[in-house]
Structure formats: structure tokens, C-alpha cells
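Here's a quick briefing to read with the model open. Have a look at the structure first, then work through the points below.

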2 protein chains.
Amino acid sequence: MAKKNAFYAQSGGVTAVINASACGVIETARKHKDKIGKVYAGRNGIIGALTEDLIDTSKESAKAIAQLRYTPAGAFGSCRYKMKSLEQNRREYERLIEVFEAHNIGYFFYNGGGDSADTCLKVSQLADSMGYPIQAIHVPKTVDNDLPITDNCPGFGSVAKYIATSVREASFDVASMAKTSTKVFIIEVMGRHAGWIAAAGALASDEDTEIPVVVLFPEVPFDRAKFMEAVDEKVKKFGYVSVVVSEGVKGKDGKFLSDQGLRDAFGHAQLGGSAPVVANMIKEDLGLKYHWAVADYLQRAARHLASKTDVDQAYAMGKAAVELAVAGKNSVMPTIVRKSDKPYKWVVGEAPLNKVANVEKMMPKGFISRDGFGITPKCRTYLQPLIVGEDPPPYKNGLPQYVRLKNVGVPKKLADFELK
Amino acid sequence: MAKKNAFYAQSGGVTAVINASACGVIETARKHKDKIGKVYAGRNGIIGALTEDLIDTSKESAKAIAQLRYTPAGAFGSCRYKMKSLEQNRREYERLIEVFEAHNIGYFFYNGGGDSADTCLKVSQLADSMGYPIQAIHVPKTVDNDLPITDNCPGFGSVAKYIATSVREASFDVASMAKTSTKVFIIEVMGRHAGWIAAAGALASDEDTEIPVVVLFPEVPFDRAKFMEAVDEKVKKFGYVSVVVSEGVKGKDGKFLSDQGLRDAFGHAQLGGSAPVVANMIKEDLGLKYHWAVADYLQRAARHLASKTDVDQAYAMGKAAVELAVAGKNSVMPTIVRKSDKPYKWVVGEAPLNKVANVEKMMPKGFISRDGFGITPKCRTYLQPLIVGEDPPPYKNGLPQYVRLKNVGVPKKLADFELK
């Protein structure tokens, strides 16, 4: 087999550790110079491939690539661009393969969630039928932890650690103030469909440090009266409570809590979050003083507080992807396989992409407590090891020092292509 | 002089390092057993003194007290309880002194901001006139950095580090997404009157890591058109922008931006933050996709990311307070005196309380850039050293391990006292 180049792209929402996967891909590819030529990255994700806007990662020093391991977000740019189905836009898939062929690319590493696993699979299938075979390997990434088969997804552990730590710290704060002031602290977290991140908020409380936490999961329809009972009970018992509310919580009417039809003074519709909505309800129903926070991008960008387990796994997935490719595999995704909970042990496995694409892993029913406001011991056992370990970045002048790559472009060989 | 006990209380909003000051007070008092008996702490701040609800800190081990150095929030509880003027409620001040006399308290260490400096001063004056002299020492604390004379306030440096780091991390995130998705990230920060914390957001960008940041200060009346120009210009140049908006930003009409008369579907008034208001304006005027975060308590509780400079200074202020007391001083506050910017050098000074009480230190005019949306080099020189250094807490199972004290009560000796 003639030596082929590799293509790597980041897809969808970025994370604190997706660059650690990029680091794993590039460092490992550099060790297999006999089989892999250059690693090209897509500028702004798959759009970079479609528009032939490729980055030559061979122009980056070993040091710069090593720094990716502790740099959050997407070093080559990501995108929210879902390729349509083969039937709807076969031309796009063909274009991808033309670009790959033009740049002698034989390996396609796509770092993303469920949608990108699907794209990855289709590229491989179509390439084969077009007579230009591509080994397509998906590298798992999603803060939402919703990919199937793999025990967990790189990106999630660090968000979980950030949210658990933040809830613990803010709870110490509100506990201090509760006698005369704030009694309820509310934090809104990501997770529009699955409550994995919300569940992590419950880790703030453990055997050593008990903290009253009420979690609102997207899986549980919001029941205002029951929720107020839970809040009131905790405040009566502990003097304060912390509420973790997922952005994806819906009322019994199926509408997002955050979609409350807010209007400004001029009657214009205003978008809010679920945290202020819950805060206002608590004020109306219980008359308690509250504070609320919306973590938003902070939670998924907080590399300074990344979970070492997560960083290690993100790197391992990138490394394994290249090793699978070198071993001749195609249409697969490396996975994290849990061997034991205590002590936590995991190994790298693999899954065929047709089992991964378009399957969303929800929280198992047995992970949410009976009252709907907390996690079960089983859930805790699952989540706990994922947040373990610290892996701080270097600091300079008081701030984390993250790398910015040169991102030198590869000369184009094809005619322009217009995105639909 | 017979050996007297000491009283210590935490006042107002807590910080990531106020317990480091408590640690400094208690550890130093324990070294002066010849002059200082026990250190009693007020449960929930000054309310603990008024209701004779005292905590005996001598029941805490040396290890537990040492752990205060890295534990956020108020270990003894704080309160928002502003004592009225002497004329309005002389009885409260007399009660304080009765409690102090009943428990042989000769030292009053009050850890707070401008209000508590004022209370501290009055207690000292009245005690003197009542023939039961108290040495009253104020220990500076406020995330708002608005105390006069001292170069900066313990608590501020850690918030500044948290906000600067968060803006940097979220900016890496939005930069990755900007091609096809979010182009504007907005973070709301504390500081209702002074823009110190907002200014710290601008530190996210430095020589090594340029980041487009637009700051909205409470000192600068909000000009929607000019702001949109600034945002638009940055997005055109960099592809994205981060906006740091103070909770205290007001429009030209003098009303808080956050007070936009929001109504829910039923017409009920809803409280929001300034971040979602600014986000909605950007959508209306520029049509750009945004994300917004509200840091709220996270910013002042984030001990995991505390500034080592801040921790050291907080401890030093507590230590100095006791040393001033032992040296016979009264009605004073230890201060931080800056000796040089580069290298940053500081020493402990002192200020008379009558120069501190009820004076609010605003951002100097020369600290805000001419366009009103950034900081000047002078401001950067001032802020930069305050965020330097890391001082992480110990972690267990992936989470910071913070101490909870036993907080054993002191038997009461007086009749009950009802707070007005």
C-alpha cells in the first residue's frame, strides 16, 4: 500500500479536551511515518474539507502539538454543519472524496458526536463504492456523554468535574449567607436531551461533605409543586439548598422551561435561560432569596479544571484511532471500556460505526432517584471515577497559557466548491 | 493589662479567601497566648455577637484552622445586617459591648467592607465612652475592591483571576465555533457600583494571547449604538468577540440594564441579568449568534482557581490585624501597600478607620480606555500582579476538599436579645 496522508477534523461543540484527542492523533501519526504521510486538518471542521481549506499540521513543532494536550476548544476550528443524507446531497460526499483523492488522503479521522459518526460511516461507504477507499475512523467527543457503546465520552468528565466543583463551592457560599440573605442557589447546566451533566451536579455532595442539592433533569417533566416541596424541605433542614437545572428541562406541556414567552417593555420576545425562570418561581412560591448562575461555555471550556481521567481518555482515543487505522480498520470508533469501578480501570475497545451512528445514549432509568430530583448510588458509582485527577495547564502572569497553532494552509488543487 | 479574649466576625458577601484571613487571625492569636485568650467567632457574623451566639474557635484543631486557608466562603457564617446609626439604634451597639464584657472580650476583629469598617469604628468609640475599652481592628475584605487607602482588597484578586481565566477559555471556545455558529460570547460579572471586576475581564487578552474583548463598565452609561459598533468591528476583524458586562451597567436613563421590565406570559415582572439583555440587543441589532453566561457566586467562591497573591494577602491581613492589636492599636485597618509594579512588591501598612469608613474607591478615570470599552495600560499594570500565582486546594475523589469546622457554641451568660 502506497503511503497516504491523513485528514483530521473537529465537529460540533468543542470541549476542554478535544485538542487532547487531536494531540493523540497527530503525535501517533508522526510515529507511523511508514504508513501515514502528513496529517491535514480541516479548517473549521468538515467545511475545511468541503472547501479544500486544509491545514498542514506538519508545519507545527512537536512542542506546539504537545501543548494541544492542555489547550481547550478546537485548535483548527470546528463547525456546526450537518451533512445532509446521501440521497439529499450526494454531491457533498463526492466532493469530500474528490478533495481526499486530490491530496492523497487515505485516512479520515473525524472527532465528534453522533452526527459526525454518521458522516464518517457514509464517507467510508461511498468512497468504497467510488473506487477510492478511505479508512474512516471516528474519534468520540461530546460533553453530553450521549454516544452509545463507549462507557463514556471524552469531554464529559471535565464538564462533570467543573459542575460538581462549582456547585460545591457555590454551596459553601450560600451556606454562609443563608441566615440573613440568599437561601437558594441555582445553576443552569448544559444537556438539552440527556441529564448526564445535571447529574454531575449531585456529585458536589458526598460522604465527607454533605450538601443539599436538588437536580432538575431533562428526563423528568417539571412538576412545580413537587419541586417547591423538595426545595422547601431542604431549606428547612439545612438552611439552604443548591438547585442544578438542565437547560433542557421541559414542563408537562412539553415546552422548555426556558421558553416562557418573556417579553421586554416593548413587547419583544426575549430569550432567557431555565435558571432565571426557576429562580422567579421560587420567589413567587416560597418567597426565598436566591442567586442564579448560567455556566454556559465556561463549563465546557474550563481546561484549568479538567479531569485527568478525561484528558487521558481523550488522548487515548486519538492515539487508538490512528492505531486502528494503521492496523487496517475501517468504519470503527475506539471506545472506552470500563473493567472495574473501584479501583477504576478502563481499556480501549472498538465499535463498528453502524452501531454508533444516530444512536443517543440516555440516562438509564435506574440512575435517577425515585423522587426525580437526585441520583442513585449506581449513578454515583458510574460518574465518580470520570472526574478524578487534576491536570492543570501551565500558567503565566496568572493565566493559563494555551497554544495557538500557526495553521498554515495547504495549497489548493481543485476548483472552488460552494456550500449549499 | 489582664488577658482578654478576642472576637472575630465575617461580614457581608463572602469570598474565596476570607477564611484565609480568619486563618491568619486565629493562628496569630494562638501565638500570642500571653495577651490574647480565646478567639470567639460570631455565628453568622455580627448577628452572632448581638444574639450572644459565639463560636469557641479553641475547640478547633490546628489542622482544621490551617485548612481554612484554602476553604472558600465564611466558615462561621456571614450576614447582610447593617447596623443602624448610633442615633437610630444605640441599644444595638450597647448590646454588643455588653456581650463583649460578659465574655471578657477586649479585641474586636471585623472582617468586611466599608459598612463593617464603619461599625468597627463606632463600636470602638462607644466602648470607650462606656468605660469598657475595646480594641477594634478592621480586616479588609471585598470582591468589589472598593475600600480606600489599601492598594487592593483581599477577595478581589481571586475573582479577577477567575473572570480573566473564564473569559480567556470561553474566548477560545467561541473562536472555534465562530465560522458557522456563535460569534459573540457575553459574560455577566459582579460589581454593582465599581467596574474593577469587569476590568479584570480585559486581562484575558495579553501580549501572548490576543483576544477581542469589549467591557461594559458601571461607570460608563450604556450607549447602545456605540456598543454595537464596537462589537461589529471586533467581529469583522477577529471573527468573534467576548463581551464582559457588569451587573451594574446602567443606561443613560440611570436605570440598570438588567431592569428592563421583563414580563412572563402572565404579565408577572421577571428579574433577569444584564447578560441576556445585552445578548438580545445584539441579536436584534446585528443578528449575530451569541452565548451568554452569568458567573454569579461561582466567581467569588472559586477557591480552586484562587490567586496566590490574594491568598497570601488575605492571610497577611488577618495576621497583621492581631499584631496591631497586640501592639496596642485601636480603630485601625491593616492595608496592602504597593512598593513596586514590576517586580510586584507589597508590604503591610495601616490606616485609621475614620479614613476608611464609608468611603468607596471607584475606578480612576485614567483606568478606562477612551472609547469606554476597555482598560488602559495603567489599569493593566495595576491589575496584573493581583492575579498572579496558583494555590490549589487539596483534591479527593476529583473534588476540592474544603474544611467544615465544628463550630462549638460558647455557653450564654446574658438574657436573650431581639434583633430589630
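Through which surface do the copies meet? They meet through the same surface, because 100% of the interface residues of chain B are also interface residues in chain A. Bear in mind that this is a predicted model, where local features need pLDDT of at least 70 and side-chain atom pairs count only at pLDDT 80 or more, while totals for chains, interfaces and linings use all residues. Residues are numbered from 1 along each chain as its sequence is written, and chains are lettered from A and ligands numbered from 1 in the order in which they are written.

**How the copies pair up**

- Chain B and chain A each put 70 residues into the contact (contact means C-beta atoms, placed from the backbone, within 7 Å).
- On the chain B side, the elements giving two or more residues include α6 (156-177), α9 (274-286) and β9 (290-294); helices are DSSP runs of H or I with at least four residues, strands are runs of E with at least two, and both are numbered from the N terminus.
- α6(B) gives the most to that side, with 13 residues.
- By class, the side of chain B that touches chain A has 32 nonpolar, 23 polar and 15 charged residues (Ala, Val, Leu, Ile, Met, Phe, Trp, Tyr, Cys and Pro are nonpolar, Asp, Glu, Lys and Arg charged, and the others, Gly among them, polar).

**Inside chain A**

- Chain A has 13 helices and 15 strands.
- Its C-alpha atoms fill a box of roughly 70 × 50 × 45 Å along the principal axes.
- Domain 1 (4-141 + 303-358 + 391-400) and domain 2 (156-301) make up the division of chain A, with bounds from an automatic or database domain assignment.
- The C-alpha centres of these two domains of chain A lie 34 Å apart.
- Their contact takes 12 residues from domain 1 of chain A and seven from domain 2 of chain A.

**A helix pair in chain B**

- R224(B), M228(B), V231(B) and D232(B) in α8(B) meet M281(B), I282(B), D285(B) and L286(B) in α9(B).
- That contact has five nonpolar, no polar and three charged residues.

How values were computed:
Contact = placed C-beta atoms within 7 Å.
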